[in-house]
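This briefing covers selected strand pairings, helix contacts and individual residues. The sequence and structure come first, and the points after them are grouped by topic.

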Amino acid sequence: MLPFSRLAYLITMATESADVIVIGAGVAGLRAARLLGEAGLRVLLLEARNRIGGRVWTIHSPEGVPVELGAEFIHGLPRNIFEAARVANLELCEFTGPQWVQVDGKLQPSGDFFARTRSVMARMDSRPPDHSFAQFLDDCEGDDEARLWGLEYVEGFHGALAERISVHSLVRSMQAEQEVEGDRSFRLTGGYGELLRVMRSALPAELVQLRLNTVVRAVHWARHQVRMQALSKDASVEFTAPRAIVTLPLGVLQAPHGALGAVCFEPALEEKKSALLLLCMGQTIRVSLIFRDRWWERTEVRGYAAGALRDMSFVFSHQEWFPTWWTRATSAPILTGWAASRRGERLSGRPDGFIRDKALESLAAIFAVPRPTLEASLQGCYVHDWQSDPYARGSYSYVAVDGENAQSELAASMDDTLFFAGEAANTEGHHGEVHGAIATGERAAREILG
């Protein structure tokens, strides 16, 4: 006879079943769920948040401007995003315009800043042994200023610590960028939220059930048997299926047992332990400031014609808090600041007001504009701390030294029962990218259907 406590548990615990359970309704989970549903499988798509998208999150300011709190750019010409945009008639715009750099406290045109950094990184190679980018710079002869900008680029773009990130992984990423013309950048004019809307509407409604506000806490599994325990709207619920796709962010997979947002696997994912030790979660803080007008168009730069900054795209500096800024391709009066790696770590956990103050401090120093002038023009400040978000625990992944096989190990299925997707499980050099995450959802769905 069952104990009374166990009997009560069985009575109150609601159970739902499907052919496949997908944990996480980010772009990888959405893509996988669609393909599985179109193949005739019943899918439960579980999401802890009250929205889809994961680390893709577009909001609209009171001024009507789409503001990205997560991913913003499309790097290159990835097929899976451009094809979806074409079918849905979504407008894409290429992000171009003069790039500026602050040198010795003064702004000047940088030409192609990224070409300068690539000239340093082109000296990297994939010959063994692997080593960190910091060690590469120590061994790299040449212009100290170019090496410093190379450091700013790698730590900024990858959100990585130079002493941890793998040179071999950087070489692979550069090769992957070339395959999709990654030196070009695009935006969805209406924001990434438009792509999420299209992906959600493409889910076969009769076969894919999306459950928001459903926090998976434990996954019990054996071959072709998966049982998940979750909390949904303060009620315990259980889900069962023969197979599951796990799209949890790397930071959540690495979270210690009992931490907020952590998921307990029983038995533990022993085959993934070495991979989880050799993959790192990048730390970044981005802040978007909306002003009354595009004041930088009137800002004078010594030695250059009036209005020199009118068409600027990126501005790079060595500022302490927010060294990198960019504009929108439209006329919207918005500037976005980027702090990554050590800068991102120092800002993480701080109040939004502190982040806003440091952003204004950096802007005033870069553009030589009095801070009270900036404050008088400021209408809105938008930021989200992904490092402190229990369902993200970081921005996006990078590979540590000697971790060349880590992504493949993370992506490998377990006993034809657990399958893995998400940007950290991309094995083609496109980790940290939206199109890379979508590709892993496609790959995991194919593995199940195969």
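The model is predicted: local features need pLDDT of at least 70, side-chain atom pairs count only at pLDDT 80 or more, and totals for chains, interfaces and linings use all residues. Residues are numbered from 1 along each chain as its sequence is written, and side-chain values use heavy atoms, with hydrogens and water left out.

**Terms**

- Helices (H or I, at least four residues) and strands (E, at least two) are DSSP runs, numbered from the N terminus.
- Two strands pair if DSSP finds at least two bridges between them.
- Axes are lines fitted to C-alpha atoms, for helices over the stretch in contact, and angles run from 0 to 180 degrees between N-to-C directions.
- Contact means heavy atoms within 4.5 Å.

**Strand E12 and Ala 218**

- Strand E12 (residues 214–222) runs parallel to E16, and 3 bridges join the two.
- Ala 218 lies in strand E12, and its bridge partner in E16 is Cys 264.
- Ala 218 is buried, with a relative accessible area of 10% (buried means under 20% relative accessible area, with a 1.4 Å probe and protein chains only).
- Not counting residues up to four places away in sequence, Ala 218 touches Arg 227, Met 228, Gln 229, Val 263 and Cys 264.
- Between Ala 218 and Phe 73 the separation is 145 residues in sequence and 34 Å in space, C-alpha to C-alpha.

**The sheet of 3 strands**

- A further open sheet has 3 strands in the order E6-E10-E7, with antiparallel pairing.
- Strand E6 (74–75) and strand E7 (92–94) stand at the edges with a single partner strand each, so one side of each has no neighbour in the sheet.
- E7 pairs with strand E10 (residues 185–188) in the antiparallel sense over 3 bridges.
- Opposite Cys 93 stands Arg 187 in E10.

**Strand E8 and its partners**

- In strand E8 (residues 99–103), 4 of the 5 residues are buried, so the strand is largely enclosed by the rest of the structure.
- E8 and strand E9 (residues 106–111) run antiparallel and are joined by 5 bridges.
- Gln 102 has Leu 107 in E9 as its bridge partner.
- The hairpin of E8 and E9 has 2 residues between the strands, and Asp 104 takes a positive phi near 55° there.
- E8 also pairs in the parallel sense with strand E19 (residues 314–316), over 2 bridges.
- Within that pairing, Trp 100 stands opposite Val 315 in E19.

**Helix contacts**

- Helix H2 (residues 27–38) packs against helix H15 (residues 434–449) at an angle of about 35°, their axes being 7 Å apart.
- The residues in this contact of H2 with H15 comprise 11 nonpolar, 2 polar and 2 charged (Ala, Val, Leu, Ile, Met, Phe, Trp, Tyr, Cys and Pro count as nonpolar, Asp, Glu, Lys and Arg as charged, and the others, Gly among them, as polar).
- Helix H3 (residues 79–87) also packs with H15, at an angle of about 90° and with axes 8 Å apart.
- H3 and H15 are therefore roughly perpendicular to each other (65 to 115 degrees).
- Arg 79, Asn 80 and Ile 81 of H3 meet Val 434, His 435, Ile 438, Ala 439 and Glu 442 of H15.
- That contact of H3 with H15 has 4 nonpolar, 2 polar and 2 charged residues.
- Helix H4 (residues 113–121) and helix H6 (residues 144–158) cross at roughly 100°, and their axes come within 9 Å.
- H4 and H6 are therefore also roughly perpendicular to each other.
- The contact of H4 with H6 has 8 nonpolar, 2 polar and 3 charged residues.

**Ser 61**

- Ser 61 is placed in the loop between strand E4 (58–60) and strand E5 (66–68).
- Ser 61 is buried, with a relative accessible area of 6%.
- Leaving aside neighbours within four places in sequence, Ser 61 is in contact with Val 67, Ile 290 and Tyr 382.

How values were computed: Buried < 20%, exposed > 50% of the residue type's maximum accessible area, 1.4 Å probe, protein only. Parallel < 35°, antiparallel > 145°, perpendicular 65-115°, else oblique.
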